[in-house]
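Student: I have a model open and would like to learn how to read it. Could we go feature by feature?

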Amino acid sequence: MGTSGLVLLGFLLFCLGVFGVLSRRNFIVVLLSAELIFAGAGINFVAFSDLWRNLTGQVFTVFLIAVAAGEAAVGLGLLVALYRLKHSANVDAARDLKG
Amino acid sequence: MMAYLPIGIFLGIALAIVPLTLLIGALLRPRRFDYVKLQPYECGIEMRESPRGNVSVHFFLVAVVFLVFDVETIFLFPWAVAFDRLGLFGVVEVFVFLALLVAAYLYAWLKGALRWEE
Amino acid sequence: MGSLHPAFWHLVSPELVLVGFGVLFLLMSAVKSDDSFKEALGWLTALGFAITLVLTLQISAAVGGGRVAALASREGYASLVMDPFSQLFKVVFLVGALLSVLMSFKSLRVNRALTGEYFTFLVLAVFGMMVMASGTDLLTLWVGLETMALSVYVLAAYLRRSAASVEGAFKYFLLGAVSSGFYLYGASFVYGATGSVHLEAIREALQARIAHGGLEAVGFPFAAGLVILVVALLFKAALVPFHWWTPDAYEGAATPVTGFMSVAPKAAAFAMMLRVLLEGLGPVAGLWTGLLSAVAIATMVWGNVAAMLQDNVKRMLAYSSIAHAGYALVAVVAAGTAPRSGGVGAALFYMGAYAFMNLGAFGLVLYLEREGCAGDRLDHFNGLVHRRPVLAVCMILFLLSLGGIPPTAGFMGKFLVFKAAVDAGLYVLAVVLAVTSVISLYYYYRIVLRMFLREAEAEEPVSAGWPLGAALAASVAGTLVLGLYAAPALEWTARVVLGGAH
């Protein structure tokens, strides 16, 4: 698969992630969708790294994966805290504040 | 200003996709529910209990700790591949990294995140 | 392998001190958690920030008006630089953090939920901000951004028993995670178009391409990536239409955290935005100034109009902070349109002035806080001038400064931004800035009115302790000094240049 194919794959993952964030109500699925956006960016970086024949993109991807894990850990921690207060993992449960 | 045009088209398509797919789904899908249809399907075996049973919160803590430490090892692989060329600086750097990980591990341990029984 | 500056360890010593303190606090709070320990930890944190501030100033003096690359790639493109821009922003973060720590002592007593780790997250958040101020490649900047953001999410959720706190933090996290994804996706296209994540290299690649075929030659993937990247930065600085997490997160969080969040992460987001836009994407300023002008107008108008409708002082200050980010964005647009307009210096000065006046205002909200009552309704300010005349005068000073009335820091900041906008020929933005500032006087005046006219409530707030008093005094001093005797600060900010001028 050439660069354009990989970039297309990244674009699809990105769109899927944005779609999930906007349409899903379950917080865990929203978190998964955000991770899909990260994955789309990661695929792009690897594809462009191959295109330019330098390692910068791959280094970026390694950091991306690590930070995404940290992000997921904090997100799940917040979810547990919210669940204890509201007994629901639904985004709609978080509507006490006016937003 | 013409440089913005493709972005505009791109944005327009991206914005249109979500409402469009939701709309098509809402228009096309039939809405005939009955008791059997609303039951969860699981290979023909009848359901015995709610699939959304509670999982102990211990699993959550262990899972998060595992997730973070597991993924952090990703930084060790590039170092392992290139450590002969990185020399002393690479060794020092990786040990600083490991020291930070050990500190985090120590914290989790002291806080009792790894203790399974209360 | 890249190249380190010979004095690398000296140059990053402030950051190293912060990481050391952060890890130390983490381990200490794992074994101890009583009240006196937490108080001691607070003092240690203040000490850590003070040491970092001294080291930062020392390095700043050594660097002077120049630019030292502490860390560079093999090709010689910098990843981490010490220049007047980064050092002055670091001073703003550290001053904001120090004031927030002083304000935290009262919260330790009122909100039992604050534990020792609170200080760890505060220290690590400031560490991330300092990396954001110094970073000059998209990866370093992003790692700094995430270090800050992950710490601030936790800080915002710190009142675990309060649904408002967790819910606000949860919304903040959700939008933060998505905007991070946008940043990465945009950055990947910038990398794809230029082959590098170093801002200097991106700049050179863009200049070469424009010299070849004008702005059109930049290419669609790059332009799309750029727009997504800019949107992500707008999220982080809480600009309209990406602001709606702000009031919720600010209202729910503990008051010192709210004050901290409204000042330091915002300044850091602006530091990163200025660095990326002017240093990396300066040659294509024509692609982003239009977008940012629209955002600035929307932010100034909406922030001020929404603030008028609030009855909760914390929410009102949240919307006012959105409006202030809009004013600072005018300076960013001015810097992008005309590099000689002094926009960067104006944005920097504005962030410094805002740190003092806004933390001061939140300090007063904190002063009125009692156990089980956040002290953030407008009613709590009733008759304050009769109860505590000195504090009422302080509040009036902060509100005047937020409204942009001389002789305060807020006036000086707004004047600089206005001047930069006029010098850059952005008359529409300058007019909107002036008009919305006048509108803002209405809601600041509402608080002043209540302090004078309404009858006081019988209940007295719990004693505040002298650290909060010291924080308020420092805020007053900062607001007045930057307003009356701004010459030294202006001299420093005038030295700040970004984007190929070095």
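Student: How many of the 27 residues of α4(C) are buried?

Tutor: A residue is buried if 20 or more other C-beta atoms lie within 10 Å of its own, exposed if 12 or fewer, and partly exposed in between, with C-beta atoms placed from the backbone. By that rule, 25 of the 27 residues of α4(C) are buried, and the helix is mostly covered. Before going on, note that this is a predicted model: local features need pLDDT of at least 70, side-chain atom pairs count only at pLDDT 80 or more, and totals for chains, interfaces and linings use all residues. Residues are numbered from 1 along each chain as its sequence is written, while chains are lettered from A and ligands numbered from 1 in the order in which they are written.

Student: What does chain C average in pLDDT?

Tutor: pLDDT is the predictor's confidence in each residue, from 0 to 100. Chain C averages 89, and 96% of the residues score at least 70. For the model, ipTM is 0.92 and pTM is 0.89.

Student: Which span does α4(C) reach from its first C-alpha to its last?

Tutor: Helices (H or I, at least four residues) and strands (E, at least two) are DSSP runs, numbered from the N terminus. The expected span of a helix is 1.5 Å times one less than its number of residues. Helix α4(C) covers residues 84-110 and reaches 39 Å, close to the 39 Å expected.

Student: Where does α4(C) bend?

Tutor: The bend at a residue is the angle between axes fitted to the seven residues ending there and the seven starting there. In α4(C), the bend is about 30 degrees, at Ser104(C).

Student: In what order do the strands of the sheet in chain C lie?

Tutor: Strands of a sheet pair through backbone hydrogen bonds, either parallel or antiparallel. Two strands pair if DSSP finds at least two bridges between them. Here 3 strands form an open sheet, ordered β1-β2-β3, with antiparallel pairing. β1 (3-4) and β3 (78-82) of chain C are the edge strands, each pairing on one side only.

Student: How many bridges link β2(C) and β3(C)?

Tutor: Strand β2(C), residues 68-72, pairs with β3(C) over 4 bridges. Ala72(C) has Ala78(C) in β3(C) as its bridge partner. The two strands form a hairpin with 5 residues between them, and Gly76(C) in the turn has a positive phi of about 95 degrees. β3(C) is mostly covered, with 5 of its 5 residues buried.

Student: How many residues of chain C are in contact with chain A?

Tutor: Two residues are in contact if their C-beta atoms, placed from the backbone, lie within 7 Å. By this test, 34 residues of chain C are in contact with 34 residues of chain A. On the chain C side, α7(C) gives the largest share, 19 residues. Ala, Val, Leu, Ile, Met, Phe, Trp, Tyr, Cys and Pro count as nonpolar, Asp, Glu, Lys and Arg as charged, and the others, Gly among them, as polar. That side has 21 nonpolar, 7 polar and 6 charged residues.

Student: What makes up chain B?

Tutor: Chain B has 4 helices and 0 strands. Of its 118 residues, 1% are buried.
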